[in-house]
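Hi everyone, thanks for coming. Let me put the structure up on the screen, and then we can walk through a few places together.

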Amino acid sequence: MTELKFVFGDPDICSGCMVCVNVCSMFYSKVIGPTRSRVRVVRLEPALDFALFCRNCEDAPCIEACPEGALSRTSKGIVIVNNKKCNGTGACVEACPYNAIHIHPDTGKAIKCIQCGQCIDRCPADAIFMTTTAELAERDKDGRMMALHEKHKKELYPKEAKN
Amino acid sequence: MFGVGGEILWVDMTKGKIEKVPIDEELVNKYLLGAGYLSKILYDMIPAGTDPLGKKNILGIATGLLTGSMFPQASRHVVAALSPLTDVWGESHAAGFFGAELKFAGYDAIMFTGASSDPLYLNIEDSKVELLDASHLWGKDVFETDDILRKDHDRQFRTLSIGQAGENLVRFSAIMNDRDRASARSGLGAVMGSKKIKAVSVKGTGKLEVADPKNYLKQMDIFYERMMANPFTPGRVKYGTTSLVEMMQHIGRLPSYNMKQGVFDGYEKISGEAINEKYLVKARADFSCLQRCGRYTAVRKGPYAFEGGSPEFETQSSMGSRCGNDNLESILFGHHLANQYGMDTISLGGTISWAMEAWDEGLLTAEDTGGIDLSWGNAETIIKLTKMIALREGFGDVLADGSAAAAERIGRGTEKFVMTVKKQEIAGQEPRAQKSMGLAAVTAARGADHLYAFPVLDEAGFDKEIKERFGEQYLPEMADRLNPKYKGIMVKECEDFMVMVESVGLCKYGTQIPPEFYYDDIALTLKIHNGLNFTGNQLQEIGERIVNLNRLFNARFGVTRKDDCLPDRLTKEKAPLGPSAGEVVELDQMLTEYYDVRGWDQETGLPLKETLERLGLDYE
Ligand code: SF4
Ligand code: SF4
Ligand code: SF4
């Protein structure tokens with residue numbers, strides 16, 4: 001099976017600068033705007049800054065949820081949106097446990113992180129990295145990063161009304 | 001125009017009316033946005049005789065042309081009004097996320113006119129803009145206000161607010177945003193308080209379209225690489241501004257004991273290194289910021305326990321060395337408290353240190369202070385007074401008007417310990433150790449200020465930049481911090497550049513120190529971001545125009561050369577100790593050179609007719 005990769009951030013290192021957010025919206029949408037970005041940055045006290053990406057779930061509830069069959073996993077293991085099929089119903093938005101897929105306000109189509117790495121290269125704090133579940137467990141031996149994500153999941157992954 | 005919100009909100013607090021007006025592109029061509037735009041609007045609308053805390057004063061909050069862009073450190077907004085501390089031009093800036101968010105909501109500025117009788121806050125959600133009841137927020141501190149607003153709306157809102165100090169019209173109260181970002185100088189929190197504006201909350205779901213999307217990211221990559229490769233960046237990340245304590249001690253520029261001297265025995269205890277060793281939790285950044293000078297610290301136990309955004313060099317000096325205080329935990333906590341109540345730590349520490357010197361000289365007694373002991377270095381007193389000032393309790397009420405007003409009230413010769421220019425406390429640059437800072441404090445439109453010019457090119461071996469920006473002929477004198485020669489030329493140039501930077505919404509870090517980005521870089525960015533065609537020279541001329549307009553504003557309130565002065569201590573008494581011992585500020589010599597390059601009259605210190613004509617300014 002292909003290793004499922006995803007981008008993950010260290011909330012103790014991330015400075016909250018939103019450079020990743022801007023890079024992504026500029027790279028894919030040619031504008032600056034957090035609502036057009038595939039990554040969100042959430043600042044929480046005390047001293048935490050979370051850069052939040054698609055976690056590339058093995059069971060990918062977003063794929064399951066889409067009534068149009070617009071979401072699929074590529075041979076490289078990336079969950080992508082087929083814009084021809086996507087009609088913006090937002091069932092995926094509801095289904096995603098990580099609030100990581102959204103309807104782009106301009107195109108009306110779903111957008112999510114596709115693990116391209118553009119933002120990783122430009123993060124000034126080196127706070128984000130491409131990883132797999134196994135690699136992350138290795139890197140985060142004492143479970144610090146995961147615990148922080150887990151502890152704050154209510155604030156990080158609120159259920160939003162779909163656009 | 002690309003890259004902007006597009007509209008300005010005019011909020012009439014008296015009538016509770018809100019109007020949306022498109023930004024005036026003609027004004028942008030002459031003044032850019034941010035500080036320049038506000039300079040023009042307020043110049044046109046605030047007549048002589050206006051009461052800074054009355055209905056007729058106008059409070060502007062504006063983003064720059066590049067605020068919200070991807071340019072390094074494009075996070076800033078500016079606030080301006082007639083200042084209740086100085087009674088002249090008042091202006092202050094902060095970073096954070098508020099400015100970018102305002103732009104994403106579709107607005108570049110908010111202008112508050114009139115005054116409400118009941119507390120209100122302005123809530124902005126894209127096109128929905130409303131004034132809401134703030135009675136439940138009045139009396140709350142800055143952090144509580146942020147918590148409540150983001151709970152009531154949603155946590156993605158960004159807030160700007162005043163704490164109790166602004167409500168109580170403390171004349172050096174700040175306007176805070178994003179919890180621990182402060183537009184602190186000039187006392188504009190009190191203007192907000194006088195209008196009964198508790199806060200602005202904003203959420204914007206919009207976008208900024210840029211003029212040249214094709215080349216945008218490519219060009220930003222070049223700027224990012226330059227910023228990251230600059231030798232200053234790692235140090236900025238590591239220490240923020242806190243290690244300036246060590247550096248300033250080293251050159252005798254660390255104001256100590258109310259500026260009696262520029263060296264402090266306890267400097268190591270309050271240094272950047274000391275903070276990193278025990279208290280630093282994290283370096284934090286604002287929108288688009290690559291340098292992360294923001295400090296998040298924690299004191300885990302004892303009377304000064306807290307955690308939050310703190311400190312900045314200015315506070316280490318104002319609440320530390322300036323008060324003879326080497327208790328670092330009290331300084332970190334004091335900064336945090338000042339954020340919480342919404343106060344300028346420079347004027348706060350400056351005012352307390354004035355009182356401490358007066359006490360030391362026996363001119364203030366326990367009878368004046370209500371029994372509070374004002375001995376040098378009494379950390380407990382500093383913290384106690386911080387609260388009492390914010391709440392205007394007891395002796396705190398006297399200090400809440402700033403050191404100049406307090407000395408006038410107390411009299412008895414305490415006036416000579418007032419370290420202000422135009423009634424604003426001088427910041428953490430003992431000018432006898434860096435002459436350009438003395439001149440800059442005097443010429444700054446908002447009263448004593450190191451940032452209006454931010455003349456740091458003579459501070460740390462920027463000979464190469466001096467050569468590039470001015471020309472070889474000015475070396476070595478211009479680079480010598482103790483030599484008054486060419487400092488008029490330097491301060492003029494720095495002012496023009498810095499007000500321009502404040503008008504595009506960039507940080508002084510990255511433009512002035514380190515001097516990485518200059519006019520041409522900004523001109524290029526205005527082109528690809530906003531689609532505006534300015535040359536570097538035109539931008540310089542705009543800066544010059546803004547400085548002259550600020551001067552005309554001050555002239556309307558009576559400012560002339562006689563007000564461009566420093567306390568006698570700095571011009572007449574030789575620095576007693578340290579590496580700059582024996583120095584005084586040769587102010588007159590520098591000022592004469594400055595007026596000369598400015599095209600201002602030597603006697604009045606006001607712009608000459610031909611200067612105004614050249615800059616396309618009308619004169620009264
Ligand atoms: S660019 Fe890096 S430091 Fe900045 S918000 Fe994103 S992850 Fe955090
Ligand atoms: S979009 Fe959400 S549900 Fe789909 S793979 Fe990513 S994290 Fe999982
Ligand atoms: S990895 Fe690519 S798609 Fe994912 S957030 Fe970063 S830039 Fe966007």
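A quick word on naming: helices (H or I, at least four residues) and strands (E, at least two) are DSSP runs, numbered from the N terminus. With that, here is our opening stop: B:Pro514 sits in the loop between H20 and helix H21 (519–530) of chain B. The peptide bond that leads from B:Ile513 into B:Pro514 is cis, with omega near -10°. Another cis bond joins B:Leu475 and B:Pro476, with omega about 5°. B:Pro476 belongs to the loop between helix H19 (463–469) and helix H20 (487–504) of chain B.

Please keep in mind that this is a predicted model: local features need pLDDT of at least 70, side-chain atom pairs count only at pLDDT 80 or more, and totals for chains, interfaces and linings use all residues. Residues are numbered from 1 along each chain as its sequence is written, chains are lettered from A and ligands numbered from 1 in the order in which they are written, and side-chain values use heavy atoms, with hydrogens and water left out.

Now, helix H11 (residues 313–320) of chain B. How many of its eight residues are buried, meaning under 20% relative accessible area, where exposed is over 50% and partly exposed is in between (1.4 Å probe, protein chains only)? Eight of the eight are, so H11 is largely enclosed by the rest of the structure. Its buried residues pack, with contact meaning heavy atoms within 4.5 Å, against helices of chain B that include H9 (244–251), H12 (328–341) and H15 (379–390).

Staying in chain B, B:Arg292 has a positive phi near 45° without being a glycine. B:Arg292 is in the loop between strand E14 (280–284) and strand E15 (294–299), and at 10% relative accessibility it counts as buried. B:Asp126 also has a positive phi, about 50°, but at 23% relative accessibility B:Asp126 counts as partly exposed.

Over to chain A and A:Arg38, in the loop between strand E2 (31–32) and strand E3 (40–44). What does the side chain of A:Arg38 reach at 3.3 Å? The backbone oxygen of A:Lys112. Leaving aside neighbours within four places in sequence, A:Arg38 is in contact with residues including A:Cys24, A:Tyr28 and A:Leu52.

Last, ligand 1. Of the 13 residues around ligand 1 (a heavy atom within 4 Å), A:Cys14, A:Cys17, A:Met18, A:Cys20 and A:Cys123 come nearest.

Notes. Polar contact = N/O pair within 3.5 Å; in protein donor to acceptor, adjacent residues only side chain to side chain.
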